[in-house]
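Here are some notes to read with the model open beside you. Take the points in order and find each residue as you go.

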Amino acid sequence: MPDMDTRTPLDFLLTRRSVPVKMLSAPAPDDATLRQLLTAAARVPDHGKLVPFRFAVLRRQGIDRLARLTREIGTAQGRDPDKLIKQAAAFDDAPLTVAVICTPNLGSPVPLIEQESAAALACLSLVNAAEAAGFGGHWLTGWMARDPEFLEAAFNLAEPQAVSGFIHLGTVKTQPAERPRPDLDAITTWDAS
Ligand SMILES: Cc1cc2nc3c(=O)[nH]c(=O)nc-3n(C[C@H](O)[C@H](O)[C@H](O)COP(=O)(O)O)c2cc1C
């Protein structure tokens, strides 16, 4: 088991980052650790307390199935073979994958975008919780996250349900280089008063 992160909470938020799935390796978080990470991931702002998300935990057999479905359905749909190789490889390389599924309630007065936002927050919180526990995480999507045929075959989902993120988790094998971050002054206006 990796050591817990020791940064202060603010320092964590200022320096947190994803670890691409190619830089992850086994061991993945065990079930007890994963329960903690998922508990943290579920603790997100959620308008109306609708809990418009579900977690599908996939270990080797389940992830291999997603890789196979990516190749089979993607090929049958005539998708770019080079992209399909990369998209299936992300599943092949993942030590553990959590599919965060958005399950919006269209009968609710809470707008769809707010329900999708809550599911997206769960994705980020899961990546962050993994990093806080000493692991690494990567949030990926691709056509597999939205394609009705794939979603039905993989998870028995129907619209408006979809995958908000495939969150790949594992031990950090290689630390990624920093990526460019937004220029705060370019994206912020300040009230002059
Ligand atoms: C909704 C969503 C979907 C994403 N899908 C992909 C993807 O399919 N492929 C990819 O390379 N990065 C994708 N990313 C980007 C990575 O998860 C991530 O932003 C990047 O690796 C660095 O993030 P960091 O700020 O956590 O370091 C996605 C991000 C979001 C928010």
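1. Start with H3 and helix H4 (residues 81–93), which pack at an angle of about 170°, with their axes 8 Å apart. Axes here are lines fitted to C-alpha atoms, for helices over the stretch in contact, and angles run from 0 to 180 degrees between N-to-C directions. Helices (H or I, at least four residues) and strands (E, at least two) are DSSP runs, numbered from the N terminus.

2. Before going further, keep in mind that this is a predicted model: local features need pLDDT of at least 70, side-chain atom pairs count only at pLDDT 80 or more, and totals for chains, interfaces and linings use all residues. Residues are numbered from 1 along each chain as its sequence is written.

3. Who touches whom between H3 and H4? From H3 come Ile 63, Leu 66, Ala 67, Thr 70, Arg 71, Gly 74 and Thr 75, and from H4 come Leu 84, Gln 87, Ala 88, Phe 91 and Asp 92. Contact means that the C-beta atoms of two residues, placed from the backbone, lie within 7 Å. Sorted by class, the contact of H3 with H4 has six nonpolar, four polar and two charged residues. (Nonpolar covers Ala, Val, Leu, Ile, Met, Phe, Trp, Tyr, Cys and Pro; charged covers Asp, Glu, Lys and Arg; the others, Gly among them, are polar.)

4. H3 (residues 60–76) also packs with helix H6 (residues 148–155), at an angle of about 150° and with the axes 11 Å apart. On the H3 side look for Leu 66, Leu 69 and Ile 73; on the H6 side, for Glu 149, Phe 150, Ala 153 and Ala 154. That contact of H3 with H6 has six nonpolar residues, no polar ones and one charged.

5. Now the ligand. Which residues surround the ligand? They are Arg 17, Ser 18, His 138, Trp 139, Leu 140, Thr 141, Gly 142, Gly 165 and Arg 179. Strand E4 (residues 136–140) gives the most to this shell, with three residues. By class, the shell has two nonpolar, five polar and two charged residues.

6. Most residues other than glycine have a negative phi, and most peptide bonds are trans. Ala 26 and Pro 27, however, are joined by a cis peptide bond, with omega about 0°. Pro 27 sits in the loop between strand E1 (24–25) and helix H2 (31–42). The bond from Glu 159 to Pro 160 is cis too, with omega near 10°, and Pro 160 is in the loop between H6 and strand E5 (162–172).

7. Have a look at the loop between H2 and strand E2 (53–58), where Lys 49 lies. Lys 49 is not a glycine, yet its phi is positive, about 50°. Val 51 is found in the loop between H2 and E2 as well, and its phi is also positive, near 45°. Is Lys 49 buried or exposed? Lys 49 counts as exposed because it has 8 C-beta neighbours inside 10 Å, whereas Val 51, with 15 other C-beta atoms within 10 Å, is partly exposed. (Counting other C-beta atoms within 10 Å, with C-beta atoms placed from the backbone, 20 or more is buried, 12 or fewer exposed, and in between partly exposed.)

Notes: A residue is near a molecule or strand if its C-beta atom, placed from the backbone, lies within 6 Å of it.
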